[in-house]
Amino acid sequence: MAKAPVLTPQADDFPRWYQDLINKAELADNGPVRGTMVIRPYGYGLWERMQAEMDARIKETGTQNAYFPLLIPESYLTREADHVEGFAPELAVVTHGGGKELEEPAVVRPTSEMIINDYFSKWVQSYRDLPLLINQWANVVRWELRPRLFLRTTEFLWQEGHTAHATHEDARDFASRIHRRVYEDFMVNVLAMDVVPGRKTVRERFAGAINTLTLEGMMGDGKALQMATSHELGQNFAKAFNTTYLSQDGTQELVWQTSWGSTTRMIGALVMMHGDDNGLRVPPRLAQVQAVVLAIKGDEAVLATVRELGDRLKAAGIRVQVDDRVDTPFGRRAVDWELKGVPLRIEIGPRDLENGTAMLARRIPGGKEAVSLDTLVERLPGLLEEDQALLLTQSRERRLARTVEVATVEEAVEAAATGWARIPWAALGAEGEARLAEQGVTVRCLVAEDGSVPLTEDAPGNVAVVARAY
């Protein structure tokens, strides 16, 4: 009999493959309350690396980290009508505390625009206080009806940035800067993910915003996933919270604002964009373990060589882990590391020592080769960069191969069964978008003819990128 595969093949059942991989790569488990999740150490290690890379980019913009309360007075959410309407179905509300009914219910934050704006109105007095640039790393709760680990969970982790500016232009430019220099740079250059930057339609933009910028990625099954968003809030929240400043001319003016966020959904995207039937494939620049050195047997000379090689790799700046657990069968350990997507696996046994070599397995392109122990360390940085570039190329080639140009709603729906469609926005419009929605297909974003982000929804030549989405 043929040996059963470790994972359900993607081609047989992509959702089942995804759940299998989340479980067997030890990324997360379902939590005790429906829709919650327990992020396991290996999965959390990926999030920590994502945090570190994004946090550095966020701080380069002059933004500072802060923290705001988890519980928000319910009355705060009534101050901006569009905002509360957009979140109302997802709210978790605390009505009792300390054994008593609360005088005012408290909402578990679905996002922090409301409470942060309350404090912005206190902190901003003069044009000298602007721009005010704040970010927080936190958890949020949005009651999810159809949960899926990392993609849609009732509680998830994220960063949310909130800023106040003196002018519309300054706020618009800052939202764009976050969109391209923080999010797109991180996704392309660290996650090795081909993403399409664009502008959301009115139907799809963030509740309470005047413009939403998005990054959309194509997953392995051809569906789209919204990766991160950056919003221009205009003066909607400034009016609701009376956030004004004294201008240089001596007049009281309302601030202009932005908000922007990215979440643990990116771990799900990592799985679905780069994973294959053997498990994860983690981009080397992201990987918390770039190379693992495995002892095949418990021979003392082998163990000494494995540990010494680990030290040399670490000294060379490679994030390495030594696996000398020889009480666990080698084959099982090798499969586990393959499932976890570690880019490079270096295997050493007694025969390898005799030959002065190690067996090098590359997870991303696949394949094995014997490599001299004397030249191994100097070769690895170049191989890691090759593999990083390959993942980006493969994700881009998939999107291009599975995106078609169409002219009608019917053609767009047909194309969305296996990938994405591009249709002139002038031919689609809000009416066509509504017809797509009836078929479970959405306009993921609008792009200009040259691929840039359009300044307005109705700019001549805008193209709608259409897909089914997670």
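## A tour from domains to rings

Select domain 1 and domain 2: their C-alpha centres lie 37 Å apart. This is a predicted model. The domain assignment gives domain 1 as 14–73 + 111–274, domain 2 as 291–391 and domain 3 as 403–467. Colour the three separately.

**Stop 1: the whole chain**

Zoom out. Along the principal axes, the C-alpha atoms fill a box of roughly 80 × 55 × 50 Å. Switch to a cartoon view. The chain has 13 helices and 23 strands. Its radius of gyration is 25 Å, close to the 23 Å that the globule rule gives for 470 residues, so the chain is as compact as a globular protein of that length.

Of the 470 residues, 54% are buried. How many of the contacts between residues at least 6 apart in sequence join residues at least 24 apart? The share is 68%.

**Stop 2**

Next, select Lys 340. This lysine lies in helix 9, residues 330–340. Is Lys 340 buried or exposed? Its relative accessibility is 11%, under the 20% cut-off, so Lys 340 counts as buried. Show its surroundings. Leaving out residues up to four places away in sequence, Lys 340 touches Ala 25, Glu 26, Tyr 42, Leu 280 and Val 282.

**Stop 3: the nonpolar cores**

Hide the surface and show side chains. In soluble globular proteins, nonpolar side chains tend to be buried together. The largest nonpolar core in this model has 61 residues. Select Leu 27, Phe 150, Tyr 183, Met 187, Met 227 and Met 266, the residues with the most contacts inside that core. Both domain 1 and domain 2 supply at least three residues each to this core.

A second, separate core has 23 residues. Ile 72, Leu 77, Leu 130 and Phe 241 are among them.

Go back to Phe 150. What does Phe 150 touch, not counting residues up to four places away in sequence? On one list are Tyr 18, Ile 22, Leu 27, Ala 28, Met 37 and Ile 39, along with Thr 264, Arg 265, Ile 267 and Gly 268.

**Stop 4: the aromatic pairs**

Show Phe, Tyr and Trp rings. The count comes to nine aromatic pairs. Pick Trp 47 and Trp 137. Their ring centres are 5.9 Å apart and their planes stand at 75 degrees; over 60 degrees counts as edge-to-face, so this pair is edge-to-face. Trp 47 sits in helix 2 (residues 41–60) and Trp 137 in strand 7 (residues 132–141), so the pair ties together parts 90 residues apart in sequence. Both Trp 47 and Trp 137 are buried.

Move on to Phe 174 and Trp 260. This pair is tilted, at 6.3 Å centre to centre with 50 degrees between the planes. Phe 174 belongs to helix 5 (residues 168–189) and Trp 260 to strand 14 (residues 256–263). The pair links distant parts of the chain, 86 residues apart. Phe 174 and Trp 260 are both buried.

Finish with a group. Select Phe 68, Tyr 119, Phe 120 and Trp 123: ring pairs link these four into a cluster.

Notes
Residues numbered from 1 in each chain as written. Predicted model: local features only at pLDDT ≥ 70, side-chain atom pairs only at ≥ 80, totals over all residues. Heavy atoms only, no water. Core = buried A, V, L, I, M, F, W, Y, C linked by side-chain atoms within 4.5 Å. Buried < 20%, exposed > 50% of the residue type's maximum accessible area, 1.4 Å probe, protein only. Domains from an automatic or database assignment. Contact = heavy atoms within 4.5 Å. Helix = DSSP H or I, 4+ residues; strand = E, 2+ residues; numbered from the N terminus. Rg over C-alpha atoms; globule rule 2.2 N^0.38 Å. Phe/Tyr/Trp six-rings, centres within 6.5 Å; stacked < 30°, edge-to-face > 60°.
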